[in-house]
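Thanks for coming, everyone. Today I'd like to walk through some charged side chains and who they pair with. Let me put the structure up.

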Amino acid sequence: MKTFERSSSTGAGKPDVAGFYDTRTFSIQYVVSDPATSQCAIIDPVLDYDEKSGATGTHHADEILEYVARQGLTVEWILDTHPHADHFSAAQYLKGKTGAPTAIGSEVTAVQALWKDIYNFPDLATDGSQWDRLFSDGDQFTVGEMEAKVMFSPGHTLASITYVIGDAAFVHDTLFQPDFGTARADFPGGSAEQLWESIQAILELPAETRVFTGHDYMPDGREPQWESTVGEQRRTNKHLVDQNREAYVAMRNERDSQLPMPKLILHALQVNTRGGRLPEPEDNGRRYIKIPLDTLSGAAWGD
């Protein structure tokens, strides 16, 4: 199975993009680098976690660090697109290894406030201080000499953002590959209406913009894929072709009502609302994950 692919730059000011596929969570992690300066950003890194044994690990994060070293890159940013519901973020681990600042969208504070109540975590700071930078809609920054901008892309979560770096858009849980469609919008704080609007904004980017998605579920057993273009998405995305807002929202809500919750959502959000920090050890030196019962009411039961 393909778990790595590199998309080379196509001209000045355009990044090289390396995608790393995690078969356990169907997630793609990215290293986005400026060929002119060898500066890079890491986007949506995964900290390994086995819910059956409670074991954590850094295999995938270390694979990224090995690639960075092999390519002679310097990490300038560690970026999350949103607080993930299906894997732990490795942002803090990678910050410790590289010294690079972490960043996420500013609306993460709303997600923190929501989940602080769900977990009954009175001491959880809900000001986003767990990250070094909170990006707002329209903010600009650089990766090396490449211009980057932030697009607020809510719907999947309250805090979802898109990073547009050169000609590459990192959309995570908004669009998937065209043969799979679009992301769910039924998590706490999600909205199919907002997701539709966020997708329309992404589709207004130039047609040649490379689109890098955050998950791939290999429909019909094909190999994992994670790169398309805005033009391809406009023409062939199965949830968007010949669709209007009202019909899309009805389809999305009906589809989501039949989906079980991700198996790690209650594990992951208490780590990811802390910027990828694991719970502090208790007096016996062990860390514990807290699982609230009967919280996500109405969700379909999984197998």
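So, E51, K52 and K263 are linked in a network of salt bridges. Bear in mind that this is a predicted model. The general idea is simple: side chains of opposite charge can pair when their charged atoms come close. And how many salt bridges does a search of the whole structure find? It finds 12.

Let's look at a few of them. Down at K2, the side chain meets that of E5 in a salt bridge, at 3.5 Å from N to O. E5 has 34% relative accessibility, so we call E5 partly exposed.

Next up, R184 and D186. Their side chains form a salt bridge too, with N to O at 2.7 Å.

Now over to helix α6, residues 245–256. R252 and D256 sit four residues apart in that helix, which means about one helical turn separates them. Their side chains meet in a salt bridge at 2.7 Å, N to O, and both R252 and D256 are buried.

Last stop: R222, in the loop between β15 (210–213) and β16 (227–229). With a relative accessibility of 15%, R222 is under the 20% cut-off, so R222 counts as buried. What does R222 touch, leaving aside neighbours within four places in sequence? Q177, D179 and D216. With D216 there's a side-chain to side-chain polar contact, at 2.8 Å.

Technical notes. Residues are numbered from 1 along each chain as its sequence is written. This is a predicted model: local features need pLDDT of at least 70, side-chain atom pairs count only at pLDDT 80 or more; totals for chains, interfaces and linings use all residues. Side-chain values use heavy atoms; hydrogens and water are left out. Helices (H or I, at least four residues) and strands (E, at least two) are DSSP runs, numbered from the N terminus. Buried means under 20% relative accessible area, exposed over 50%, partly exposed in between (1.4 Å probe, protein chains only). A polar contact is a pair of N or O atoms within 3.5 Å; within protein, one must be able to donate a hydrogen and the other to accept it, and residues adjacent in sequence count only if both atoms are side-chain atoms. Contact means heavy atoms within 4.5 Å. A salt bridge is a side-chain nitrogen of Lys or Arg within 4 Å of a carboxyl oxygen of Asp or Glu.
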